[in-house]
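These are my notebook entries on a single structure.

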Amino acid sequence: FNGLSSDRIETLFEDDAQRLWIGTDSGLSLLHRATGEFVSYRHDPADPTSLSGNSVFSIFQDRGGILWVGTQTEGLNKWNPRSWSFGHYSPSGSRNGSLSNPNITSFTEDQSGRLWVGTFGGGLNIMDRRNDTVTQLRHDPEAAVELSDDRVMTLLTDREGNVWAGTMRGGLNHIDASTGAIRTFRHDPTDDASLAANGVMSLLQDRAGALWVGTFGGGVSRLDPQAEHFVNYRHDPADATTLSHPRATSIAEDSSGAIWVGTDGGGLNRLDRDSGEWQRFAHDANDPDSLNADSIYALHVDAADTLWIGTRAGLNRHTSAGFSTAAARLG
């Protein structure tokens, strides 16, 4: 089998050996770039070393080289590149707690080597693998430290070691690395410099240290280092130089510093940092070299500065020469 396990791509991840992993709604695929073929991994009830579930929503590699794979309903998997086999992470055996929810949306690792696992409905799980503990951070008005929403959509550790957690309806949480204190950024309809919307779908810290926030319904917000306010890039139907759609699902930065934004229904956007204008790329049924779909769920820029684009209709790639016909729908 040399094609993608499914055309609906949920996440993209390049590991430390420059292998490109593609998480789909029907398994996990690994691209062999030399041949353009894929090896796919799926759940097999008869094989305890197979994936725990086929809807793969999130992928992450920790500093020890272990690849973590989060599924929609079947929890967490870990893959060891030395043994080339999967193992199901079953925290029920942990001395101090288990994962709060089997819907795994996101990962990050902090400066202490703890793995943070975002879930849809169970908040955050902080795994300290040195002492086999799992600490949960939840939305709880009675708690001393409270997450704004238990539906965590995206995670990022910034260069200062702070953890950022974007949520479905509760805005953006900043978790201080030294104190554990949480500051929440929310949309304020009376303040144009507030977060563009309370649904946060994607996060990126660029080379200059600015935090880019893709929102559900408000476009993209940028928080510069040391700033207390956001610069917002919104969709204006009357202006073709603005963001093409208000739902910003994914964000990436290329070697030139250009910011790319994938949207749910509006295709792909590239920001000209000098002019502040957006260039749009959309599906064109009459152009085989265009995007194969306008609903984009994942972006990744590799070491060769190739932009990989995961859509609801397969995998695209974009280079300085444009979209490649041969790779418009690999497999």
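Ala, Val, Leu, Ile, Met, Phe, Trp, Tyr, Cys and Pro count as nonpolar, Asp, Glu, Lys and Arg as charged, and the others, Gly among them, as polar.

**Entry 1: the model.** I recorded that this is a predicted model, in which local features need pLDDT of at least 70 and side-chain atom pairs count only at pLDDT 80 or more, while totals for chains, interfaces and linings use all residues. Residues are numbered from 1 along each chain as its sequence is written, and side-chain values use heavy atoms, with hydrogens and water left out.

**Entry 2: the pockets.** A pocket is an open set of points on a 1 Å grid over the protein atoms alone, where a 1.4 Å probe fits and protein lies on both sides within 12 Å along at least five of seven lines; lining residues have an atom within 4 Å of a point. A volume is the space filled by probe spheres set on the points.

I read a volume of about 350 Å³ for the second largest pocket. Its lining has 17 residues, and Glu160, Trp164, Asp224, Pro225 and Gln226 lie nearest its centre.

For the largest pocket I read about 1700 Å³. It is lined by 47 residues, of which Thr11, Met153, Thr154, Met201 and Ser202 are the closest to its centre. Strand E17 gives the largest share of this lining, 6 residues. Strands (E, at least two residues) are DSSP runs numbered from the N terminus. By class, I noted 22 nonpolar, 16 polar and 9 charged residues in the lining of the largest pocket.

**Entry 3: a sheet.** I found an open sheet of 4 strands in the order E5-E6-E7-E8, paired antiparallel. Its edge strands are E5 (56-61) and E8, each of which pairs on one side only. Two strands pair if DSSP finds at least two bridges between them; E7 (residues 76-80) and E8 are joined by 5. In one of these, tryptophan 79 has phenylalanine 86 of E8 as its bridge partner.

**Entry 4: tyrosine 89.** I located tyrosine 89 in strand E8 (residues 85-89). Is tyrosine 89 buried or exposed? It counts as buried because its relative accessibility is 16%; buried means under 20% relative accessible area, exposed over 50%, partly exposed in between (1.4 Å probe, protein chains only). Beyond its neighbours within four places in sequence, tyrosine 89 is in contact (heavy atoms within 4.5 Å) with Trp68, Leu76, Asn77, Leu99, Met127 and Val134.
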